[in-house]
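Hi,

Here is the structure I promised to pass on. Have a look at it first, and then read on for what turned up.

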Amino acid sequence: MSEPTTEQLDAYVRTRLALAGFDLSLLPEVFDAATGVPTRDQVLANLRSFVASTPGAISGWAPPAEAPAYAQQASPPLIYPSITEAWTGKADAR
């Protein structure tokens, strides 16, 4: 299997951003030192690099559970895990 091309990675990144509700066209085309906001090209290049190198490691991870079907219930994603750990007493166990 061959590596994806730059165009394929760009299409993937743009699609994922659109599905998440992020409009890449809102970013500036030229770098503005006053705000430090990255340009569209910088964001696209960084996300392209991330997608080309990292997702394999991420997709191979699964939370510990007795069975794969139970994994999502055993370790649900949390918006604010530190608050949940404080409520459950897990923060003190560190």
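One term before we start: a salt bridge here is a side-chain nitrogen of Lys or Arg within 4 Å of a carboxyl oxygen of Asp or Glu. By that rule Glu29 pairs with Arg40, with the closest N and O atoms 3.1 Å apart. Glu29 sits in the loop between H1 and H2 while Arg40 belongs to helix H2, so this pair ties together parts that are 11 residues apart in sequence. As for accessibility, Glu29 counts as exposed at 60%, whereas Arg40 is partly exposed, at 26% relative accessible area.

Keep in mind that this is a predicted model. The chain has a mean pLDDT of 79, and 66% of its residues reach 70 or more.

Arg48 is in helix H2 and Asp10 in helix H1, so here the parts tied together lie 38 residues apart in sequence. Asp10 is buried, with a relative accessible area of 16%, and Arg48 comes out as partly exposed at 21%.

Now for H1 itself. This helix has 14 residues and spans 20 Å from its first C-alpha to its last, close to the 20 Å expected at 1.5 Å a residue. Which of its residues are buried? They are Leu9, Asp10, Val13 and Leu17. Looking down the axis of H1, you'll see these buried residues fall within an arc of 100°, so they line one face of the helix. The buried residues of H1 pack against H2. On the face turned away from them you'll find the exposed residues Glu7, Ala18 and Leu19. After H1 comes Gly21, which has a positive phi, near 85°.

Finally, the nonpolar core. The largest one has 6 residues, namely Val13, Leu17, Leu24, Leu27, Val43 and Leu44. Helices H1 (6-19) and H2 (40-53) are the elements that give two or more residues to this core.

Cheers

Methods:
Residues are numbered from 1 along each chain as its sequence is written. This is a predicted model: local features need pLDDT of at least 70, side-chain atom pairs count only at pLDDT 80 or more; totals for chains, interfaces and linings use all residues. Side-chain values use heavy atoms; hydrogens and water are left out. A nonpolar core is a set of buried Ala, Val, Leu, Ile, Met, Phe, Trp, Tyr and Cys residues joined through side-chain atoms within 4.5 Å. Buried means under 20% relative accessible area, exposed over 50%, partly exposed in between (1.4 Å probe, protein chains only). Helices (H or I, at least four residues) and strands (E, at least two) are DSSP runs, numbered from the N terminus. The expected span of a helix is 1.5 Å times one less than its number of residues. The arc is that of the directions from the helix axis to the C-beta atoms. Contact means heavy atoms within 4.5 Å. pLDDT is the predictor's confidence in each residue, from 0 to 100.
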